[in-house]
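Dear colleague,

Please find below the structure that I am handing over to you. My findings follow it, and I would be grateful if you read them with the structure open.

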Amino acid sequence: MDYSKILSEKAQVLKPSGIRKFFDLLNEMTDVVALTVGQPDFVTPWHIREAGIESLEDGKTYYTSNSGLISMREEISKYLDRRFGLTYDPKTELVVTVGGSEAIDIAVRACLNPGDEVIIPQPSFVCYGPLVSMADGVPVYIETKEKDNFKLTAEELKAAISPKTKLLVLPFPNNPTGAVMNREDLEKIAEVLRGTDIMVLSDEIYAEMTYGEKKTNTASGHVSIASLPGMRERTIIVNGFSKAYAMTGWRMGYTAAPEPVTKQMLKLHQYGIMCAPTTSQYAAVEALKNGDPDIEEMTAEYDRRRRFIVDGLRALGIPTFEPEGAFYVFPNVGVFGLSSEEFCEKLLYDYGVAIVPGTAFGDCGEGFARISYAYSVKHITEALERMGKFVEDLKKGKYKE
């Protein structure tokens with residue numbers, strides 16, 4: 001059979017994730033220090049795991065409402081108010097999803113008609129463009145620059161808007177750069193959007209991970225664009241439990257949006273998923289009720305690692321932007337004359353350290369690499385020592401032709 005004629009052309013042209021490419025290579029190698037995957041090295045806190053276990057022991061193994069347990073949606077509503085000053089009706093404006101990825105998918109599909117354009121700042125997480133394409137939309141990429149601290153500027157946004165623009169993806173705190181948009185930055189973006197029919201997909205999965213001086217009065221330090229005047233009505237918030245609560249394998253996410261938008265997303269969720277896993281929902285309820293101290297403890301440790309790895313990379317002579325959010329650094333490895341892919345491949349095969357080329361997050365990531373510090377300081381120390389040997393050899397001209 002000629003599968004190229006049978007299978008979807010749309011699916012065939014999609015590129016595999018550049019993150020997973022390097023992650024999969026590790027399965028074929030030994031003695032590798034990996035700093036590739038954005039997965040907390042913390043185990044889900046015991047009280048959260050225990051709540052999931054108790055739900056199983058109590059026989060709570062049935063379908064929930066399509067939108068999710070009402071108790072969970074009520075706790076999400078309280079959490080959004082408590083941490084970010086946002087108000088959403090748990091009955092009509094929240095949908096519990098299978099991770100943040102499903103939330104992004106249904107948000108995109110609920111908004112787009114064929115040919116609609118979606119503005120996506122890059123470097124950014126790998127899923128936005130492919131999901132837009134699968135929804136018959138057109139990705140329009142804006143390159144964020146190191147000189148602007150990898151933030152989206154109002155001028156760049158205004159220049160990218162066309163009559164076909166339907167949606168802006170706002171991926172901050174950002175994966176892979178660690179960039180954060182503060183209130184002043186967001187006000188400028190909001191000013192461009194007010195008076196238009198452009199929606200915002202605000203991916204706030206790293207909202208709990210902001211560092212440095214907190215210039216806001218929110219509990220987390222993060223500012224959601226939905227909290228600004230006139231922006232709630234045009235914003236779909238995507239969030240989840242993977243990062244803040246170390247619950248990656250539980251696959252728990254959610255959307256928060258005005259009721260008319262939520263109704264459409266819920267239909268897509270109903271037909272594609274039915275409902276999110278029941279056991280995970282009960283665990284998530286416990287996380288929302290009693291997990292604030294866990295967030296503070298883990299974020300403090302990420303902050304310690306952040307400062308450690310930035311100082312370590314700079315000491316090696318690798319220019320490194322200081323991230324203000326998430327748990328990644330995005331050093332400028334292009335200073336050594338190798339492409340991002342070459343740098344990462346040589347570092348992996350010759351020195352046993354796995355990091356991700358910046359090009360996995362968009363062509364504008366050339367010259368950079370993403371390093372996750374969701375790993376122990378001991379693990380990071382070993383990686384830096386090996387990278388130091390690599391840099392020494394580069395300076396000696398080992399890889400010059």
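For the angle between two helices, an axis is a line fitted to the C-alpha atoms of each helix over the stretch in contact. Please note that this is a predicted model.

In this model, the axes of helix 12 and helix 14 come within 11 Å and cross at roughly 10°. Angles under 35 degrees count as roughly parallel, and therefore helix 12 is described as roughly parallel to helix 14. Where the two helices meet, helix 12 contributes residues including Arg-304, Phe-308 and Leu-313, while those from helix 14 include Val-377, Leu-384 and Met-387. The residues of this contact comprise seven nonpolar, two polar and three charged.

In soluble globular proteins, nonpolar side chains tend to be buried together. The largest nonpolar core here has 41 residues, and Phe-343 and Ile-355 touch the most other members. Among the elements that each supply at least two residues of this core are helix 12 (292-315), helix 13 (340-351) and strand 12 (369-372). Helix 14 gives the most, with seven residues. Apart from this core lies another, of 29 residues, which includes Ile-48, Ala-207, Trp-250 and Met-252.

There is also an open sheet of three strands, in the order 9-12-11, with antiparallel pairing. Strand 9 and strand 11 (356-357) are the edge strands, and each pairs on one side only. Strand 9 and strand 12 run antiparallel and are joined by two bridges. Val-329 has Ile-371 in strand 12 as its bridge partner.

With kind regards

Methods. Residues are numbered from 1 along each chain as its sequence is written. This is a predicted model: local features need pLDDT of at least 70, side-chain atom pairs count only at pLDDT 80 or more; totals for chains, interfaces and linings use all residues. Side-chain values use heavy atoms; hydrogens and water are left out. A nonpolar core is a set of buried Ala, Val, Leu, Ile, Met, Phe, Trp, Tyr and Cys residues joined through side-chain atoms within 4.5 Å. Buried means under 20% relative accessible area, exposed over 50%, partly exposed in between (1.4 Å probe, protein chains only). Helices (H or I, at least four residues) and strands (E, at least two) are DSSP runs, numbered from the N terminus. Axes are lines fitted to C-alpha atoms, for helices over the stretch in contact, and angles run from 0 to 180 degrees between N-to-C directions. Angles under 35 degrees count as roughly parallel, over 145 as roughly antiparallel, 65 to 115 as roughly perpendicular and the rest as oblique. Contact means heavy atoms within 4.5 Å. Ala, Val, Leu, Ile, Met, Phe, Trp, Tyr, Cys and Pro count as nonpolar, Asp, Glu, Lys and Arg as charged, and the others, Gly among them, as polar. Two strands pair if DSSP finds at least two bridges between them.
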